[in-house]
Amino acid sequence: MPLRYFLTGLLGLPLLVTGYLWWTLLSPFGYSPPQELAPIAAGEHRVFVYGTLRYAPLRWLVYGRSGDPEPANLPGYRREGLDISRDDEASVAGLLLRVDAGELARLDRYERLGIRYERVELPLMDGRLAWVYRRMD
């Protein structure tokens, strides 16, 4: 009897994970952007990531490729779990991604822009501006 439950759980886990990923990343049901969000401009966008999006397999799942990220630092902030907060004496290490408008829209969906995170443009240590996702209050 316990073996049957173990095997059912073992087979069911991939289905649950796949369902969760589909719901959060691809389905039309998991996220509707708020009406007040500005449209995304065409062209290339720089995005600074410091949390889960540092991992290539997750980037591939979110926007279809792992990209060619480069190391970057965000001065004036410190990392607190999956969020950042203002701290003039600190900096946050992460990656700089270059994405197109469609990929940025998929990143917005993943971060639940306007619901969980806001996307703000901040200067990196080298002076370049990049979009940064910051948790909303």
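Is Phe29 buried or exposed? In this predicted model, Phe29 is exposed, with a relative accessible area of 57%. When neighbours within four places in sequence are left aside, Phe29 is in contact with Trp22 and Trp23. A search of the whole structure for aromatic pairs finds one.

In general, strands of a sheet pair through backbone hydrogen bonds, in either a parallel or an antiparallel arrangement.

Strand 1 (residues 45-49) pairs with strand 3 (residues 83-99) in the antiparallel sense, over five bridges. Within this pairing, Arg46 stands opposite Arg98 of strand 3, and Val49 stands opposite Leu95 of strand 3. Strand 1 is also joined to strand 5 (residues 129-135) by two bridges, and these two strands run parallel. Phe48 of strand 1 stands opposite Val132 in strand 5. Four of the five residues of strand 1 are buried, so strand 1 is largely enclosed by the rest of the structure.

Strand 3 also pairs with strand 2 (residues 70-80), in the antiparallel sense and over 10 bridges. Glu70 stands opposite Leu96 of strand 3, while the bridge partner of Arg79 in strand 3 is Ile84. Strand 2 and strand 3 form a hairpin, with two residues between them. Gly81, in the turn of this hairpin, has a positive phi of about 65 degrees.

The charged end of Arg86 sits over the ring of Tyr77, 5.0 Å from the ring centre. The charged end of Arg119 sits over the ring of Trp131, at 4.5 Å from the ring centre.

Helix 2 (residues 56-63) has a buried side, and the residues Leu58, Arg59, Val62 and Tyr63 are buried. These residues lie on the same side of helix 2 because they cover an arc of only 100 degrees around the axis. The face turned away from this buried side carries Pro57 and Trp60, which are exposed. Gly64 follows helix 2 and has a positive phi, near 90 degrees.

Note on methods
Residues are numbered from 1 along each chain as its sequence is written. This is a predicted model: local features need pLDDT of at least 70, side-chain atom pairs count only at pLDDT 80 or more; totals for chains, interfaces and linings use all residues. Side-chain values use heavy atoms; hydrogens and water are left out. Two strands pair if DSSP finds at least two bridges between them. Rings of Phe, Tyr and Trp (its six-membered ring) pair if their centres lie within 6.5 Å; planes under 30 degrees apart count as stacked, over 60 as edge-to-face and the rest as tilted. A charge sits over a ring if NZ of Lys or CZ of Arg is within 6 Å of the ring centre and within 35 degrees of the ring normal. Buried means under 20% relative accessible area, exposed over 50%, partly exposed in between (1.4 Å probe, protein chains only). The arc is that of the directions from the helix axis to the C-beta atoms. Contact means heavy atoms within 4.5 Å.
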